[in-house]
Structure formats: structure tokens, C-alpha cells
Amino acid sequence: MKVLVVDDSKAMRMIVARTLKQAGISNLTTVEASNGLEALTVIADHKPHAVLCDWNMPEMKGIDLLKKLRADGNEILFGFVTSESSPEVRKEAEDAGAAFFIVKPFTPNAFEAALTPVLAH
Amino acid sequence: MTIDEQTLQQVVFDVCSGMLGLQLEPTPLLPCDDSDALSAVIRISGGWESLVQVLTPRRTAVAIASNMFAMSEDELSEEEIRDAVGEIVNMVGGNLKGIVEGESSLSLPCVGAVSGAAPFDHSFSGLCVSNNCQGDPLIVRVYDRTAN
């Protein structure tokens, strides 16, 4: 499974990739992008199965990336990994088509709980 | 809900110890060599106007970055060290924003070096928690601009 990790923090991209492995996601490969705009290029080039995306980033925020993908007809599995945790933000993510929402700080168990149901489909 | 010292400490603990596995112990503000420190600040605006700051000696920042990148300290670049401290304040700020009622937005973190301004002094009047992190102070301050 190829997963795109989008976060403007290189440290967080590494931690997310590490946590995916710890959560036991099988046959995992990861690709990275540092903002939404860069993610559009990586998605076109690498065709990942899923996107794990931060909310606040320069150039293009995560929610704008999701809206752009859906507007273009791309239904890729998309979820947020973010320190944003307010009900308003969660609702905006769900309304835009996010399949899961993981709040930082997180644990491998949180990844497993969020991803297992959506990866089963 | 408003943020008190206990809530702030819990958020800092969840980020640094719970997620990153750093050794963290609450402590009174420690005397500290302030000649080479890093400060990471994030702004919350909207319903709750506030600034959140993480302040730490560079050697602690390096230890945190080493943990986050899973790299030895001498392999780290300055950009990676600042990235790590910025992500700490991003997580703390984001969690605090989620606790306070009302819609607010979170800025991107801003990280810079602090020197010569006694950053570890006792004069700050806002909410502040101090922890011993990997042997040195890790201070988190919240300046509530709505209340001041």
C-alpha cells in the first residue's frame, strides 16, 4: 500500500511514516509532500492509495487540497493527521470527504483504530 | 472551557512524553544558561486571541529533534532542530485551541533564536508551565491576549 504523507514539518512526516509501520499497515510504502500544492504533483506522479494530510500548511492547506481533489473527481482515500481538534474543523473535514481524522499527539493505536475500518473497504 | 495550568501541563505532557517518549518532569523554573535558546511561537486568533510559546535551551531542542528524527545529535541540521521545536508548539497550540470554546484559527509556528534577553526569567505574568525535559528546562507559556 502506497501512502502519501503531507506535512510541512519534516519531523512530523517521519513520525507519521514511522507510526504507520508501528500500526502494522502491511506492504507499506510512503511518499511525502510538504504542502498541498506539492501533494497534487506527487499524487499525479505516484498515484498513492491513500493520503494522510496535515491541516495547516503554507502554499495550500490540507482542506484546500482535499476540496481540489474532489472537485477534480479524484476520490482517493483521504484523512487528516493534525493538531487541529475543534468540532468545527472536524465537521469541515467530514463535509469535504475526509474518511478519518487523527489528532496530534497520536499513538500507533490511534492510527490502527482510524485506518483499519477504512482500509478494509 | 478556559485553559489553566493543569490543562496546559497535561497537553505538554501528552505531546512530549505521551507521543514522543521524552523524559518530562514538572519542575519550578530552573536557573538556565540563557545565552543560546530557541523560542517557538504560534498564534491563535478568532474567538480566543492568544500566543503560545515553547522556550528551551538549544541543547534540549537538539535532544528533542534527535528523538523526533531518530537521528544522532551531530547529524541534525539547524533547520531540522527548528522544525522539531516548531512542531512541539504546533501540537500544543492546536490542542489548546481545541479545548477553548469558540472558533479560532491557528497560525504556522515561528521559530527563532533567543539570546541576551533573559528568556528564562520569572517576570512573565501569563500562564506558564516548566518541565525538566531530558535534563534541561522546557518552558511553555500562554499569553491570553483576550484577557489582557
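Me: Which residue in β7(B) does B:Val54 stand opposite?
Reply: This is a predicted model, where local features need pLDDT of at least 70, side-chain atom pairs count only at pLDDT 80 or more, and totals for chains, interfaces and linings use all residues. Residues are numbered from 1 along each chain as its sequence is written, and chains are lettered from A and ligands numbered from 1 in the order in which they are written. Strands are DSSP runs of E with at least two residues, helices are runs of H or I with at least four, and both are numbered from the N terminus. Strand β3 of chain B pairs with β7(B), residues 136-144, in the antiparallel sense over six bridges (pairing takes at least two DSSP bridges), and there B:Val54 faces B:Val140.

Me: Which residue of β3(B) is the bridge partner of B:Arg43?
Reply: β2(B), residues 37-46, also pairs with β3(B), antiparallel over eight bridges. The two make a hairpin with three residues between them. B:Arg43's partner is B:Leu51.

Me: Why is β3(B) largely enclosed by the rest of the structure?
Reply: Buried here means 20 or more other C-beta atoms within 10 Å of a residue's own, exposed means 12 or fewer, and partly exposed is in between, with C-beta atoms placed from the backbone. β3(B) covers residues 50-57, and it is largely enclosed because, of its eight residues, the number buried is seven.

Me: How far apart are the end C-alpha atoms of α1(A)?
Reply: α1(A) has 13 residues, and at 1.5 Å a residue it should span 18 Å. That expected span is 1.5 Å times one less than the number of residues. The end C-alpha atoms agree, at 18 Å.
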